[in-house]
Amino acid sequence: MKYLDRLIEIKKQIGKTSIVELVFSYKGKETTLFAKEEFLNPSKSIKIRPAYQILFDAINEGKLVEGQRVVEVTSGNMGISLAYICKIIGNPITILMPKTMSKERIDALKKLGADVILTEDFLDGFDKINEYIKNGAYCSKQFENPSNLKAYFEMADEIIEEIPSFDGFISGVGTGGTLIGTGSILKNKCGVKLIAIDPAESALLKTGKPNGKHKIQGLSDQIVPKLYNPEIVDNLIEISSNDAICMARKINRTYGLSIGISSGANALGAVLSNLKTVVSVFADDDTKYLSTDLYNDLIKSNLVDDIQILSFKRLNKTIF
């Protein structure tokens, strides 16, 4: 099978993920959340969408050739998705990742054959990656690559097909791809509000600079990404790490949805949005968080304790 054909085969497995409907009650108000189960994608996260699109465009444009090394700075999910694809198409890959990321992310990358370089933080990773680029590696540049945004246009259409009317779309911001790529289409076609989740300990989107460390891996990676467009974002909601963790755990224990911490933040943001119907994503599952505070029963949240989950169902018009 030819180089590009091996990549195209992967596309058949991506997207058209199922949607779950959760109804919450908080302070006398009900909120309905429709969440795409993106952990059902290959590589078990939403990041397979931009990873595929970035590599597909790079090959088509002659920026990436067979056997060339791929490099990226990542908190995990994009790196795992790139490594998954690179293993299939035959490109070596080096991932630079902050040493604070979970052990499971590091293990997953190594199992996929990636060379993993642990850095002090993201800024250290951005500095070190330049040497790889100078030596001929292709850098996917997820934080500024327009192919990242392009990858989510299809997901927006999937959402509209199943949920033609809703009030808002909410997501955390790592690269900005999910919120801005999906949201720009939804805002244009459906007139919905766009809401960004900002980890409270960092408040990166609010202030333009990181103000502290947080535990919502995949969000607010020390820089405001070039793909993030605040002009189309209607609101920021600050979510603390503990509250995000407790919300993910509550959904997991109530209905068996094994979601990650950023998914808990998205769900909590929906509850606090003052909107009746909200669409979001459950970006990954809990398998990358087994060694984190997601499984620390000592963590409590009075806010999450006051939220009731009234009902759950999975919509039908899906592949999975």
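# A quick tour of a predicted model

Let's start inside: Val 278 is buried, with a relative accessible area of 0%. Keep in mind that what you're looking at is a predicted model.

**Val 278 and its surroundings**

- Val 278 sits in strand β10, which covers residues 277–282.
- Which residues does Val 278 touch, not counting those up to four places away in sequence? They are Thr 31, Thr 32, Leu 33, Phe 34, Gly 168, Ile 170, Ala 270 and Ser 273.
- One of those, Ile 170, falls within β7 (168–172).

- Ser 263 belongs to helix α11. Its relative accessibility is 0%, so Ser 263 counts as buried.
- Setting aside residues up to four places away in sequence, Ser 263 touches Val 281, Phe 282, Ala 283 and Asp 284.
- Ser 102 is in the loop that runs between β4 (93–98) and α4 (103–111). Buried or exposed? At a relative accessible area of 4%, Ser 102 is buried, because buried means under 20%.
- How far is Ser 102 from Ser 291? Along the sequence they are 189 residues apart, but in space it's 6.7 Å from C-alpha to C-alpha.
- Ser 291 is also one of the residues Ser 102 touches, along with Gln 217, Lys 288 and Thr 292, again leaving out residues up to four places away in sequence.
- Ile 80 is part of helix α3, and with a relative accessible area of 4%, Ile 80 is buried too.
- Beyond its neighbours within four places in sequence, Ile 80 is in contact with Ser 43, Arg 105, Ala 108, Leu 109, Leu 112 and Lys 288. Lys 288 turns up in the contacts of Ser 102 as well.
- Take Ala 108 from that list: Ile 80 and Ala 108 are 28 residues apart in sequence and 6.9 Å apart in space, C-alpha to C-alpha.

**Where two helices meet**

- To describe two packed helices, you give the angle between their axes and the distance between those axes.
- Here the pair is α10 (residues 241–255) and α11 (residues 261–271), with axes that come within 7 Å and cross at roughly 95°.
- Why call α10 and α11 roughly perpendicular? Angles from 65 to 115 degrees count as roughly perpendicular, so the crossing of roughly 95° puts α10 and α11 in that class.
- On the α10 side, the contact is made by Asp 243, Ala 244, Ile 245, Met 247, Ala 248 and Ile 251.
- On the α11 side, you'll find Ile 261, Gly 264, Ala 265, Ala 267, Leu 268 and Val 271.
- Sorted by class, this contact has 10 nonpolar, 1 polar and 1 charged residues.

**Space inside: the cavity**

- How many cavities of 30 Å³ or more does the structure hold? The count is 1.
- The largest cavity has about 290 Å³ of space in it.
- Its lining is made of 28 residues, and the closest to its centre are Ile 46, Lys 47, Gly 174, Gly 218 and Leu 219.
- The elements giving two or more residues to this lining are α3 (77–89), β7 (168–172), α8 (177–190) and α11.
- By class, the cavity lining has 8 nonpolar, 16 polar and 4 charged residues.

- The largest pocket has a volume of about 510 Å³.
- Of the 23 residues lining the largest pocket, the closest to its centre are Thr 100, Met 101, Phe 122, Lys 213 and His 214.
- The lining of the largest pocket has 8 nonpolar, 9 polar and 6 charged residues.

**Two positive phi values**

- Ala 203 isn't a glycine, yet its phi is positive, near 50°.
- You can find Ala 203 in the loop between β8 (193–199) and α9 (204–207), where Ala 203 is buried at a relative accessible area of 9%.
- Gln 222 isn't a glycine either, and it has a positive phi of about 75°.
- Gln 222 lies in the loop between α9 and β9 (235–239). With a relative accessible area of 23%, Gln 222 is partly exposed.

Notes
Residues are numbered from 1 along each chain as its sequence is written. This is a predicted model: local features need pLDDT of at least 70, side-chain atom pairs count only at pLDDT 80 or more; totals for chains, interfaces and linings use all residues. Side-chain values use heavy atoms; hydrogens and water are left out. Axes are lines fitted to C-alpha atoms, for helices over the stretch in contact, and angles run from 0 to 180 degrees between N-to-C directions. Helices (H or I, at least four residues) and strands (E, at least two) are DSSP runs, numbered from the N terminus. Angles under 35 degrees count as roughly parallel, over 145 as roughly antiparallel, 65 to 115 as roughly perpendicular and the rest as oblique. Contact means heavy atoms within 4.5 Å. Ala, Val, Leu, Ile, Met, Phe, Trp, Tyr, Cys and Pro count as nonpolar, Asp, Glu, Lys and Arg as charged, and the others, Gly among them, as polar. Buried means under 20% relative accessible area, exposed over 50%, partly exposed in between (1.4 Å probe, protein chains only). On a 1 Å grid over the protein atoms alone, a cavity is a set of points where a 1.4 Å probe fits but cannot get out, and a pocket is an open set with protein on both sides within 12 Å along at least five of seven lines; lining residues have an atom within 4 Å of a point. Grid points are joined across faces, edges and corners, and a volume is the space filled by probe spheres set on the points.
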